[in-house]
Amino acid sequence: MSQYVSQIRRHASRLRLSSIGSNLPALLERAEQSSPSYDEFLYNLFCYEVQEREAKQRVLRMKLAKLPLNHDLEQYDYSFTSGLVPTQLNQLRELNWLDQCYNIMLSGPSGTGKTFISAGLGYDAIRKGYKAYFRNMNDILAMLRLKELTTNASKEFKRLCEAQLIIIDDVMSLPLNREDGNRFFVFINQIYESTSFIITTNKSPAEWAKSLDDDTLATALLDRLLYKCQLIQLQGYDNNPIM
């Protein structure tokens, strides 16, 4: 091996090119076998570093996203007639709505695939490089209550405020007290113009006022979430949509 290898690895470490530094012998051996031009060798070297960094970032984004175990829409069962048709799901998976900062609300009773579909879209977004996070309503409320008190909650709040996509599962499944309702509204109001949401709920928008026990707050919250939003109604086995 060349006398310069150890020096190259030290320089790579200083420049934080960790993948090149760690795998330099193998990269040089591959170059010796294929005999690329100088510019092609440099191009391949930097491509390798970029690809390795992107792979590590995807792993980190997946860890922070906290997706449910089942989240691969390639396994979606189209024979489940209460769900989405292939054309509609494929359009959602193109993520054009995310680029335009649109929201999606998946509404319907339990067992209609709301969580699976939302997590699957989040998985697609992460694979394409977006910052996406999956949280249920209790996670969001716990974070909002503690964000001024604990470091972990403060970091989580900052992370979600910088997200490109937030999936909130089971919104309004249980009644909220006025204080939690106000916290949730302030959070949504702070980021709704720069962040896309996927909301899953078993309540129709008309029922949100009952869960919040505040018509004005419910209206204001829905104004933000339904602003540039596609509402998708999923049906249960009884084939009766929520009204």
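I take contact to mean heavy atoms within 4.5 Å. The model I am reading is predicted.

**Entry: Ser118**

I started with Ser118, which sits in helix H6, residues 114-127. Its relative accessible area is 0%, so I noted Ser118 as buried. I then listed its contacts, leaving aside neighbours within four places in sequence. Ser118 touches Leu106, Phe134, Ile167, Ile198 and Thr200. I came back to Leu106 and Thr200 when I reached the sheet, where Leu106 stands opposite Thr200 in E4.

**Entry: the sheet**

I traced the strand order next. The sheet is open and has five strands, in the order E2-E3-E4-E1-E5, with parallel pairing. Which strands lie at the edges? They are E2 (132-136) and E5 (229-233), each pairing on one side only.

Then I went through the pairs. E2 and E3 run parallel and are joined by five bridges. In that pair, Tyr133 stands opposite Ile166 in E3. E3 and E4 also run parallel, with four bridges between them. Here I found Ile166 again, with Phe197 as its bridge partner in E4. Four bridges join E1 to E4, and this pair is parallel too.

**Entry: strand E4**

How many of the six residues of E4 are buried? Six of the six are, so I wrote E4 down as largely enclosed by the rest of the structure.

Ser107 is in strand E1 itself. Its relative accessible area is 1%, so Ser107 counts as buried. Beyond its neighbours within four places in sequence, Ser107 contacts Lys114, Thr201, Lys203, Leu231, Ile232, Gln233 and Leu234.

Tyr102 is in the loop between helix H5 (96-99) and strand E1 (103-107). Its relative accessibility is 32%, so I marked Tyr102 as partly exposed. I looked up its contacts with the same exclusion of neighbours within four places in sequence. They are Trp97, Ser196, Phe197, Lys228 and Cys229. Tyr102 and Cys229 are 127 residues apart along the chain, yet their C-alpha atoms are separated by 5.5 Å.

**Entry: nonpolar cores**

I turned to the largest nonpolar core, which has 33 residues. Which members touch the most others? They are Ile168, Phe184, Phe187 and Trp208. I listed the elements that each supply at least two residues: H7 (137-146), H8, E3 (165-169), H9, E4 (196-201), H10 (208-212) and H11 (215-225). H11 gives the most, with six residues.

Leaving aside neighbours within four places in sequence, Ile168 contacts Arg135, Asn136, Met137, Ile140, Phe184, Ile188, Phe197, Ile198, Ile199 and Thr200. There is also a second, separate core of 26 residues. Ala65, Tyr76, Leu121 and Ile167 are included in that second core.

**Entry: H8 against H9**

I wanted the packing of this helix pair. Two packed helices are described by the angle between their axes and the distance between the axes. The axes of H8 (151-161) and H9 (178-191) come within 10 Å and cross at roughly 40 degrees. H8 and H9 are therefore oblique to each other. H8 makes the contact with Phe157, Leu160 and Cys161, and H9 with Phe187, Gln190 and Ile191. I sorted these contact residues by type: five nonpolar, one polar and no charged.

**Entry: positive phi**

Last, I looked up two residues with a positive phi. Lys66 has a phi of about 60 degrees although it is not a glycine. Lys66 lies in the loop between H3 (38-65) and H4 (86-93). Is Lys66 buried or exposed? At 53% relative accessibility, Lys66 counts as exposed.

Met172 has a positive phi of about 65 degrees and is not a glycine either. I placed Met172 in the loop between E3 and H9. Its relative accessible area is 1%, so Met172 is buried.

Technical notes:
Residues are numbered from 1 along each chain as its sequence is written. This is a predicted model: local features need pLDDT of at least 70, side-chain atom pairs count only at pLDDT 80 or more; totals for chains, interfaces and linings use all residues. Side-chain values use heavy atoms; hydrogens and water are left out. Buried means under 20% relative accessible area, exposed over 50%, partly exposed in between (1.4 Å probe, protein chains only). Axes are lines fitted to C-alpha atoms, for helices over the stretch in contact, and angles run from 0 to 180 degrees between N-to-C directions. Angles under 35 degrees count as roughly parallel, over 145 as roughly antiparallel, 65 to 115 as roughly perpendicular and the rest as oblique. Ala, Val, Leu, Ile, Met, Phe, Trp, Tyr, Cys and Pro count as nonpolar, Asp, Glu, Lys and Arg as charged, and the others, Gly among them, as polar. A nonpolar core is a set of buried Ala, Val, Leu, Ile, Met, Phe, Trp, Tyr and Cys residues joined through side-chain atoms within 4.5 Å. Two strands pair if DSSP finds at least two bridges between them.
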